Amino acid sequence: MFRAALKLLVSAAIALAVPALASAQEYPSRPLTMVIPFAAGGPTDVLGRIVAQRLGEVLGQQVVVENVGGAGGGNGSLRVANAPADGYTMVLGTVGTHAQNQTLYKRPLYNAEGDFTPVALLADVPIVLVIRKDLPVKDFKDFVAYTKANAGKMTFASAGAGSASHLACVVFNSAAGLPVTHVPYRGTGPAMQDLQGGRVDYLCDMISTAKPQIDGGAVKPIAILTKDRSPALPNLSSATEEGTKVEAYTWNAIFLPKNAPKAIVDKLNAALVDTMKTPWVQERLAALGAVVVSPDRMTPEYLAKFVNSEIEKWAAPIKASGVQVE
Ligand code: MLT
């Protein structure tokens, strides 16, 4: 009797495991979706589209990019947290969506650690403070003095509360003593358009989308907000060099919903490693000022620890800034 029951249990377990194994072996057998949690035309979108194109070639299946903006990247990330964990829906997260918003929001929309399966960290991206081109200032010191004198009348734009562009300006404003009003957008793509149109005064944008606008003279750069200068804009000093100690940056990483099968995570991770090794991907990202991370930082295990340490790292400056979202 006992033997028969055991046999039944074993066969049931095998019957359940075999399709999962088979589906991991066949994965991917249909197109995948990469959710970009910001509007089109911004840095996450630009990097995501480059990665999606090559990832599709590596996997032999199309990777469809879907922009789901709002809530500082929270809406798109939440969509993926609630998607089936079958490896077909991933989100391109940032320091904002998977670290900073966990402290900034009184009630975060999701748990950045518990609701996702980390797959791979892809790139580090410096942030640059850019201003509308007719703001009457010529350099960093001028900008700080002018903004101090006119803070009540000025605004800064961002990709939404809890996004990297928001928190970069929050920590900068707090370090420089600038109480300026925040204007949130669904991504820095639309925020940059309004900066060019002179409807907002400044934006802490990722170098990847700020650089072409700086090079074309559409906006003026004031400082790099990472500690060190970026080789993509070598003549631009950092805020820290100018005497305002700030370290703001972003990164991009791929996450699946929680409980994604390990075999699928490993397959997707290997394909992402191949993608990021591709010379044309590296060249295009380097031209944009994004820095592809070293292979030892591309493992799922590294990303899990990194997200945890980034949440902790950003908690103190966010609390110190006094900014919180209900
Ligand atoms: C941000 O965190 O500010 C985003 O990366 C902006 C964007 O991609 O539009």
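This is a predicted model: local features need pLDDT of at least 70, side-chain atom pairs count only at pLDDT 80 or more; totals for chains, interfaces and linings use all residues.

Q: Which residues are around the ligand as a whole?
A: The list runs F38, G42, P43, T44, A159, S163, A164, S165, G187, T188 and M206.

Q: Where is A161, and why does it count as buried?
A: You'll find A161 in the loop between β5 (155-158) and α6 (164-176). Buried means under 20% relative accessible area, and A161 has 17% relative accessibility, so it counts as buried. Setting aside neighbours within four places in sequence, A161 is in contact with A71, G72, L104, Y105, H166, H182, P184 and V325.

Q: How do I read a disulfide, and how many are there?
A: A disulfide is a covalent bond between the sulfur atoms of two cysteines. The count here comes to 1 disulfide. C169 and C204 form it, with their sulfur atoms 2.1 Å apart. C169 sits in helix α6 and C204 in strand β7 (residues 202-206), so the pair ties together parts that are 35 residues apart in sequence.

Q: Are C169 and C204 buried or exposed, and which hand does their disulfide have?
A: Both C169 and C204 are buried. The torsion about their S-S bond is about 90°, so the disulfide is right-handed.

Q: What about the largest nonpolar core: which of its residues touch the most other members?
A: This core has 109 residues, and M34, F143, F172, Y202, W251 and L268 touch the most other members. Strand β4 (residues 116-132) gives the most to the core, with 12 residues. Domain 1 (19-125 + 251-321) and domain 2 (126-224) each supply at least three residues.

Q: Can we zoom in on F172? What does it touch?
A: Not counting residues up to four places away in sequence, F172 touches L129, F140, F143, V144, L178, L225, A239, T244 and V246.

Q: And how far is W251 from A161?
A: Their C-alpha atoms are separated by 17 Å, with the two residues 90 apart along the chain.

Methods:
Residues are numbered from 1 along each chain as its sequence is written. Side-chain values use heavy atoms; hydrogens and water are left out. A nonpolar core is a set of buried Ala, Val, Leu, Ile, Met, Phe, Trp, Tyr and Cys residues joined through side-chain atoms within 4.5 Å. Buried means under 20% relative accessible area, exposed over 50%, partly exposed in between (1.4 Å probe, protein chains only). Helices (H or I, at least four residues) and strands (E, at least two) are DSSP runs, numbered from the N terminus. Domain bounds come from an automatic or database domain assignment. Contact means heavy atoms within 4.5 Å. A disulfide is a pair of cysteine sulfur atoms within 2.5 Å. A residue is near a molecule or strand if one of its heavy atoms lies within 4 Å of it.
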